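Subject: Structure for you to look at

Hello,

Please find the structure below. My notes on it follow.

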Amino acid sequence: MRTEKGILFILPALVIFAIFILFPAAQMFYYSFTQWDGLRLPKWIGLANFSRAVFVDEIFQKSFLNNVLYIIGTFVTEVAFGLGVAILLAKPFKGFGVFRTFFFAPYVISMVAAGLLWAFIYDYNFGLVNDFLSLIGLSRLARPWLGDTSTALAAVTITSGWKYAGLYMIIFYAALQQIPKQLYEAANLDGASEWKQTWYITLPLLFPALRVALLLCIAGGFAAFALFFAMTNGQPFHSTEIPSTWIIKHAFDRKNMGYGAALTLILIFVSTGISLLYLILTGRKEALS
Amino acid sequence: MVFTRQKKSFVVMLGLLILPILLITGISFAKEQISLRFAHAQTEGEIYRLYSAIPKAYEALHPNVKIEVIVQDQQIYEDYGLDTMLEGPTPPDVYALHGRHELVVKAEVGFAADIENFVKPWKDRFIEATLDVPSINGRLYAVPRAEELVTAMWYNRKIFDRFGFAEPQSWSELTDICQTLKANGVTPISFGNSQLWAFGNWASLITARMVGKQRWEAAMELRERFLQPDFVKALSLIQEMGEAGFFAPDMNVVHPDKGIMNWFMGWGAIHPLGGWIPSFVAAEAPEDFEYDVFDLPPVPGGKGDPHMQEIMIVNLVVNGKTKYLEQCVDFLKFFTSPYNAQLLVEAGSMMPVKKAHELAAVDPHLVKAFGFGELAKEIIGAPDEDFAVEVADTFSEGAAMVALEKKNAEEALRWVDEQLEPRRTR
Amino acid sequence: MTHDKTYSHLEKIGRYGILVPIICFMGYPLVWMILCSLKTNLEIFVNPWGFPSKFLYKNWEQAWVVGRLGRYYLNSIVVTVASVCLVLVVSSPAAFAFARLKFKARDFFLYLFLMGLVLAPILVLIPLYKLMRDIKLLNTYAGLILPYTGWGLALSIYLLRSFFLAIPEELQDAARIDGCSVFGIFWRIMLPLIKPALLTVAMINAINYWNELLLALIFMQKTEMRTLPAGLIFFSGQYVTNYSLVFAGLSIAIFPMLIVYFIFQRRVIAGILIGALK
């Protein structure tokens, strides 16, 4: 139906979108070329912020590495974990509903609450982890999980897994339900073991769902902020610093807003780029249109 | 006399005439209603209560003035809360501000008023040394409201007694004590350093005592580099302590308040922190907790004042854009009057007002801690308040890295210089 | 046959053997949290595995009142409900227009909105902060509602559009012939047909707004105006020394969500599935 009134239908949305997203996004480009403390007038400094970010700021570079490591970690703690449980739950058995309910439960609580809770669980002196270790006689393994640069990022990633594995379990479970039962029946008749069935039937047919899951991990991983901010905010010594927390530190703690703007642009550029690259590589460009 | 009807109506008419005249003149005599906003970040304790009580007392003395008190969380206030308020629809007329660095910035933008002329008549009530911080080019842009001791060696007396320690007078005595503690499974020195300033403040004092106040300020103001032999010497002291295992391994994840609680629980014998410890103890410590304080011993080979203290000044600033400059200054005068000074001191907050401590009943620990200042010839402020936050944080982080053996002294200082290079070349 | 039986026995043991510890791993942290919230600080240190000796419900009360969690809940509810309503009101006509109407530069505008799908709020945080400060909307509900609506537009328009596209063209043509105005078609025919979709989109947006931290942290600086996520962080920082109080606060923040989930399981899971698979 052709009508010029169509513009009216999108006008309110367009106005809000323009004022609160498009214009500020454009302004980011301006601010990224300035030095600005939020109070005094911005001072133009050209590409200085960008060259600092790329060549000098080793903490920023490290934060990207941390973010990527985190994403890869979540492939295991969220996707693989969820997938494994989905497969285990695939065939109905006694207590199945209970398991599914409890497995998904952590997903519905807020990220901040989960982060704060797990910060306590990892506590050196009275946290659940160290208590559990001494319960089973391994107290010499007790350490400040969030205070040790070698374990902090892994600890945060595990918390992320605790929270999000349920989501992936649901996704894979739904995908599993789509697989025709006849395939399994035929395999049974051929005498294939359950393990072989899983390997040759289930997994290959789950590839589409797996692709989606990995994309979610990537996009979600770069957008992570709440979990890291609530649990460690980059400590100890930036071993859990991710670009978004570092940006906040510069923009709002150190009043380097211009620099923060430049860092943000780099982050958006890289994360969008990686997501798009992933989509192209897995041939799902049509998801965008 | 009998009130005849005529006399009555005369009285009524007279009344009707006088009433409006009274009202009109009354209105013009009535003072202009003044409304002030006072912002601060003191969220706890007796001091918080006083920060509300003192404005109320002022209101009682000045019926035409109403003061609205606005409190914010410290971290937010310092990072962007105050700036937001100043730029917002309801900016404060009077506000608290820590240290010198921010005051200079605010003055530049017009948010701190030059009140030298107003304060001059009663300037002499303040301790001389404390007027340095709020002065820019010799003129006062704020009045000093509190002296806060930034770092002192608070220790768990029961632990010390258990091992028969005396308060160390020299650096080697300190390391001996730590050695014994460590050998007996007690963490010698603990920090709640999740915000970097707890350890950073302590490291700053060690460094400033080693290199001298001038060199310290030159480095923090980025006029000189940090990688210099004396600075290396200072951080090497920390390095030795770190290598000997004197610090708690999780110190960088522990919140400052939690660090104090851990200290109450006996995890950590010495807890170097500021002058707010006594009021914290009073509010939160277990009944049987015993503590005391000793001054950081002189650093071996130090070029600065061996008894240098780190003292922070909290200022009360008048917003340069306020409509009621005189009233605000008058409020400040009231705030720092001897009577209120006494109340504030008793609440645990040291006043830069002469004789305030003599009048008040102060926690003896606090008196002892401030007594260290009497021996001091030089005073430095807290690094993140007298200098740019980024510089202070970077230095503090470098020091923490040395303490936890992530880098040695030289590497850490080189790292600090590298990180601050972009700022240096602005 | 016996071979099969023992095999399936092993299977069962294996299955339960793996699943039960996993469920403990998923569930016990929440149980621990609630137990700790009812203990004293000392008990938490000394008796981590046991039940509290006395059920200190007053911890919960304290967290609600003194810790201001009640206020944070209120703020979150106001912001979330208002933002969801606004985003639905604004995005459904737009989605309809993109699905069923033709007009100049339609595709250009569509791609403009879809760009929002790949961007994140952090992109505009700094200038948005300055904008809000300048138009004096910091520390106000509108200061969060408007940006939230803006950010919800991309996903809402995308989803609603696909639902509108699924409606057969004939319905629209029939209404046109009957003399219905464009707006009338939208209001009286299309919109009612996608009611379940509206509900789903509302739920997806609600979950995102409820949990949003970044903007809420920076824009709401006054304690009374904070929403739940930022309020929780602030609360746990302020009372960091009172562990049982913080646990109580966390429990209060988490409990209602869990209850809603346990009641509306299927709905919740279905909605989240749709949102994730966009």
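To start with the helix pairs: are α1(A) and α6(C) roughly parallel or roughly perpendicular to each other? They are roughly perpendicular, a word used for angles of 65 to 115 degrees, whereas under 35 counts as roughly parallel, over 145 as roughly antiparallel and the rest as oblique.

Before the details, some conventions. The model is predicted, and local features need pLDDT of at least 70, side-chain atom pairs count only at pLDDT 80 or more, and totals for chains, interfaces and linings use all residues. Residues are numbered from 1 along each chain as its sequence is written, and chains are lettered from A and ligands numbered from 1 in the order in which they are written.

Two packed helices are described by the angle between their axes and the distance between the axes. Helices are DSSP runs of H or I with at least four residues, strands are runs of E with at least two, and both are numbered from the N terminus. Axes are lines fitted to C-alpha atoms, for helices over the stretch in contact, and angles run from 0 to 180 degrees between N-to-C directions.

Helix α1 (residues 6-31) of chain A packs against helix α6 (residues 125-134) of chain C at about 110°, the axes being 7 Å apart. Their crossing is right-handed, meaning that the near helix is turned clockwise from the far one by less than a right angle; anticlockwise is left-handed. From α1(A), Phe20(A), Pro24(A), Gln27(A), Met28(A) and Tyr31(A) meet Ile126(C), Pro127(C), Leu128(C) and Leu131(C) of α6(C). That contact has eight nonpolar residues, one polar and no charged. Here Ala, Val, Leu, Ile, Met, Phe, Trp, Tyr, Cys and Pro count as nonpolar, Asp, Glu, Lys and Arg as charged, and the others, Gly among them, as polar.

Helix α5 (residues 111-121) of chain A and helix α13 (residues 243-263) of chain C cross at roughly 140°, with axes that come within 10 Å. α5(A) and α13(C) are therefore oblique to each other, and the crossing is left-handed. Ala113(A), Leu116(A) and Leu117(A) make the contact with Leu250(C), Ala253(C) and Ile254(C).

Interfaces of chain C

Residues are in contact if their C-beta atoms, placed from the backbone, lie within 7 Å. By that rule 70 residues of chain C touch 68 residues of chain A. Helix α1 (residues 2-37) of chain C gives the largest share of chain C's side, eleven residues. That side has 55 nonpolar, nine polar and six charged residues.

Chains A and B

Chain A has 13 helices and two strands, and 47% of its 289 residues count as buried. Buried requires 20 or more other C-beta atoms within 10 Å of a residue's own, exposed 12 or fewer, and partly exposed lies in between, with C-beta atoms placed from the backbone. In α4(A), the buried residues include Phe99(A), Phe103(A) and Tyr107(A).

Chain B has 19 helices and eleven strands. Glu32(B), in the loop between α1 (5-29) and β1 (34-40) of chain B, is exposed because 8 other C-beta atoms lie within 10 Å.

Regards

Notes:
Two residues are in contact if their C-beta atoms, placed from the backbone, lie within 7 Å.
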